[in-house]
Amino acid sequence: MPNGKFRRQFFKRAVLAATVGGAIAALAGLLGSSRRRAAGTQPDELLWLEEQEGARALDWVAQENARTLAAFAQGPAFEPLRGNILAALNLDGRIPWVSNYGGQYYNFWQDQAHPLGLWRRTTPAQYRKPDPHWETVLDLDELSRQEGVEFALSGITPLEPEYRYCLVSLSAGGGDAAEVREFDLLEKRFVPDGFSLPAAKSQVSWISRDEIFVATDFGPDSLTRSGYPRSVRRWRRGEPLAAARIVYEGARQEDGVLATHDPEPGFERDYVLRMIDSRRAQTFLLQSDGGLLPLDVPLDASATGYREHLLVTLASDWEIGGRTYPAGSLLVANLEAFLAGARDFNVLFAPSPGRSLGGYDCTRDHLILSIMEDVSTRLEILTPGRGAWRRAPLGDARSLSAIGAAAVRRDSNEYFLSVGEFLRPPALYCGNLDTADAPELLKQESPAFDAQRYEVSQHFAVSQDGTRVPYFQLSRRGIARDGSHPTLLTGYGGFEESLLPEYLGAGAIGWLERGGVHVVANIRGGGEYGPQWHQAALKRERHRAYEDFAAVAQDLVARGITVPARLGARGGSNGGLLVGNMLIRYPELFGSIVCEVPLLDMQRYTRLGAGASWIAEYGDPELPEEWAFLKTYSPFHNLRPGMACPPVLFCTAVNDDRTHPAHARKMVARMRQMGLDQAYFYESDAGGHGGSIDNEQAAFTEALVSEFLWRHLAA
């Protein structure tokens with residue numbers, strides 16, 4: 001059953017997400033609203049740049065790319081830097097992260113010999129060896145050669161419990177739109193005349209061997225205003241897709257629908273999720289007669305079925321059954337009793353100052369909770385019993401780290417455990433909650449750089465309204481507080497996504513290894529302190545996120561780490577909107593800015609890509625009262641001739657079907673019109689919202705960004 005994190009990922013993926021499967025790709029589409037246009041709408045002479053692959057737009061892109069590459073990809077440092085980053089990305093000693101399908105471990109792997117990647121498998125026994133034997137299941141490079149299309153593997157949906165068949169999502173060029181094809185894991189081939197969908201923003205879930213739930217583009221009027229499927233259907237093998245029976249059809253002004261099947265033996269259930277917006281959804285149980293039974297929980301809560309239990313995570317306070325449960329709590333009740341009218345909950349987690357719920361996963365008999373305390377995490381095991389659930393710690397939580405655990409498979413109490421730290425390569429362990437034994441070390445990643453010279457520390461800045469904002473600083477040991485250090489400040493601040501400690505890996509080569517300081521800001525809008533931290537920067541309060549980021553920049557200067565001329569900012573997607581506002585609101589604080597796959601035109605964002613699905617986060621520019629605050633943080637509309645902007649590099653991709661490359665294109669074109677020639681632009685020809693389809697492309701872009709920043713901040 002989809003939980004809250006699944007629901008959020010339906011609407012937004014983090015810019016650097018690299019895992020295959022699990023979340024559904026965000027769905028792109030144009031908003032066709034009958035409502036009146038926002039007050040003060042200005043003519044936009046740059047609309048031709050919104051033609052994603054229009055000839056005039058692509059000619060403009062080619063000219064801008066040439067200018068940027070001539071400036072920053074031709075120097076003597078570029079090629080060695082690109083090569084070193086690529087070598088780190090292709091490092092043999094990386095951990096091959098795996099998923100357990102039917103007792104075998106599956107992994108997606110990219111390296112120099114297989115740039116598009118191998119989907120492969122091995123046994124648990126082989127995986128424990130230093131050099132496992134891998135069996136190739138699907139070779140993306142060979143498939144791409146055969147079909148003349150560069151495919152990215154964007155999703156795997158296995159049929160449980162047999163795990164012979166799966167539905168494979170293949171994206172041309174790395175965009176969000178993907179084909180779906182049925183695949184035979186035993187024969188290692190696509191199933192002739194199997195389930196198949198053309199490229200679209202689809203969501204699929206197995207019901208049985210011969211039936212699936214499918215939400216896709218069914219033709220005219222089948223998408224919501226956000227471009228998501230507005231209906232979900234049951235599709236039987238052999239019947240035309242058009243004949244599939246509608247399970248639920250939502251309203252066009254909402255964001256979409258999906259359905260999932262929970263195959264847990266003895267607890268098989270079907271769920272339908274009505275996406276009202278990116279913060280609210282209604283969950284239904286699908287009855288045997290086709291009726292829908294709504295779960296009576298708040299629309300902004302996340303409801304998850306776990307065997308006989310109902311788990312509810314609250315985004316706002318909930319008064320029910322004579323009690324008030326605070327936002328950020330995790331509650332549990334018996335599902336059948338709840339459906340019969342009982343409202344008795346056990347509190348599995350309650351927030352407190354500085355402490356919030358990071359998430360949870362389910363093994364056969366236990367829950368594993370991730371608890372965040374000042375942006376570090378620890379784990380607890382919760383076991384159901386009579387009355388209160390028993391709890392015990394799990395793993396060794398270290399300071400300034402993110403420890404995480406996930407079930408190996410649903411029918412056992414085995415779990416994978418990993419620890420994320422900025423400077424220490426990750427390690428992967430496997431344990432079993434049926435025993436008291438310490439988890440077994442399975443894999444230790446080889447270091448991508450020498451971390452002995454560096455240190456990580458956590459600090460707190462004070463924002464404009466007095467809020468303490470945490471941030472991490474990574475630098476060489478014992479640096480002088482003389483303001484001399486090129487410093488790169490990064491952040492996100494949206495959609496309740498948290499920036500937790502994570503190994504820098506290849507990312508250190510382009511910055512730390514060159515002598516720079518790396519800083520991660522945990523600003524409001526994220527989820528580091530629970531739903532309140534997120535909600536504090538919604539819509540008209542969005543400026544709080546920008547004030548937080550600026551406060552961190554000012555604190556770095558006050559502490560003597562850097563000076564504005566040596567301080568850079570970098571962010572992507574919602575983080576691109578963040579640093580776009582640094583360019584407009586706080587240009588005096590920064591020496592250069594890198595703005596990637598951004599949102600920038602907040603008057604037309606709902607008409608570009610998947611933007612309409614983010615109205616609950618930002619606001620609706622079609623409503624005059626909301627455009628009144630949106631325009632204050634729309635970078636495109638706040639450019640002025642003669643502004644003292646720092647040098648800025650905008651990066652995007654021609655096939656980004658989530659935020660749309662027009663945001664970056666139009667911003668640079670407008671800056672050109674105003675004589676603000678310190679703007680540079682680079683648009684890749686593949687990669688989608690993630691920015692790259694293979695390690696070659698990722699290394700090139702990272703080297704380009706590093707060169708741009710270093711030349712402006714280290715001179």
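This is a predicted model: local features need pLDDT of at least 70, side-chain atom pairs count only at pLDDT 80 or more; totals for chains, interfaces and linings use all residues.

Tutor: Residues are numbered from 1 along each chain as its sequence is written, and side-chain values use heavy atoms, with hydrogens and water left out.

Student: Why is Asn581 called buried?

Tutor: Buried means under 20% relative accessible area, exposed over 50%, and partly exposed in between, with a 1.4 Å probe and protein chains only. Asn581 has a relative accessible area of 1%, so the residue counts as buried. Asn581 is found in helix 9 (residues 574-585); helices (H or I, at least four residues) and strands (E, at least two) are DSSP runs, numbered from the N terminus.

Student: Which residues is Asn581 in contact with, leaving aside its neighbours within four places in sequence?

Tutor: Contact means heavy atoms within 4.5 Å. With those neighbours left aside, Tyr546, Tyr586, Thr632, Tyr633 and Pro635 are in contact with Asn581.

Student: What makes Lys188 partly exposed?

Tutor: The relative accessibility of Lys188 is 34%, so the residue counts as partly exposed. Lys188 is placed in the loop between strand 7 (178-184) and strand 8 (189-190).

Student: What is the phi of Lys188 near?

Tutor: Phi of Lys188 is near 60 degrees, a positive value in a residue other than glycine. Most residues other than glycine have a negative phi. Ser573 also has a positive phi, near 65 degrees. Ser573 lies in the loop between strand 36 (567-572) and helix 9, and Ser573 is buried, with a relative accessible area of 4%.

Student: Which residues does a cis peptide bond join?

Tutor: Glu160 and Pro161 are joined by a cis peptide bond, with omega about 0 degrees. Most peptide bonds are trans. Pro161 is found in the loop between strand 5 (151-158) and strand 6 (165-172).

Student: What makes Tyr325 and Phe345 an edge-to-face pair?

Tutor: Rings of Phe, Tyr and Trp (its six-membered ring) pair if their centres lie within 6.5 Å; planes under 30 degrees apart count as stacked, over 60 as edge-to-face and the rest as tilted. Tyr325 and Phe345 are 6.0 Å centre to centre, with 75 degrees between the planes, and form an edge-to-face aromatic pair. Tyr325 lies in strand 21 (residues 323-325) and Phe345 in the loop between helix 6 (335-339) and strand 23 (346-349), so the pair ties together parts that are 20 residues apart in sequence. Tyr325 is buried at a relative accessible area of 3%, and Phe345 is buried at 6%.

Student: How many aromatic pairs does a search of the whole structure find?

Tutor: The search finds 30 aromatic pairs. One aromatic cluster is formed by Tyr101, Tyr106, Trp119, Tyr163, Phe183 and Phe190.

Student: Which residues touch the most other members of the largest nonpolar core?

Tutor: A nonpolar core is a set of buried Ala, Val, Leu, Ile, Met, Phe, Trp, Tyr and Cys residues joined through side-chain atoms within 4.5 Å. The largest has 68 residues, of which Phe590, Tyr618 and Phe650 touch the most other members. Helix 8 (residues 543-558) gives the most to this core, with 8 residues. Apart from this core lies another, of 24 residues, including Leu81 and Ile509.

Student: How do you know that Arg233 is buried?

Tutor: Arg233 has 13% relative accessibility and therefore counts as buried. The place of Arg233 is in strand 12 (residues 231-236). Among the residues that Arg233 touches, not counting those up to four places away in sequence, are Ile212, Phe213 and Val247.

Student: What classes of residue line the second largest pocket?

Tutor: Its lining has 8 nonpolar, 4 polar and 9 charged residues. Ala, Val, Leu, Ile, Met, Phe, Trp, Tyr, Cys and Pro count as nonpolar, Asp, Glu, Lys and Arg as charged, and the others, Gly among them, as polar. The largest share of the lining, 3 residues, comes from strand 31.
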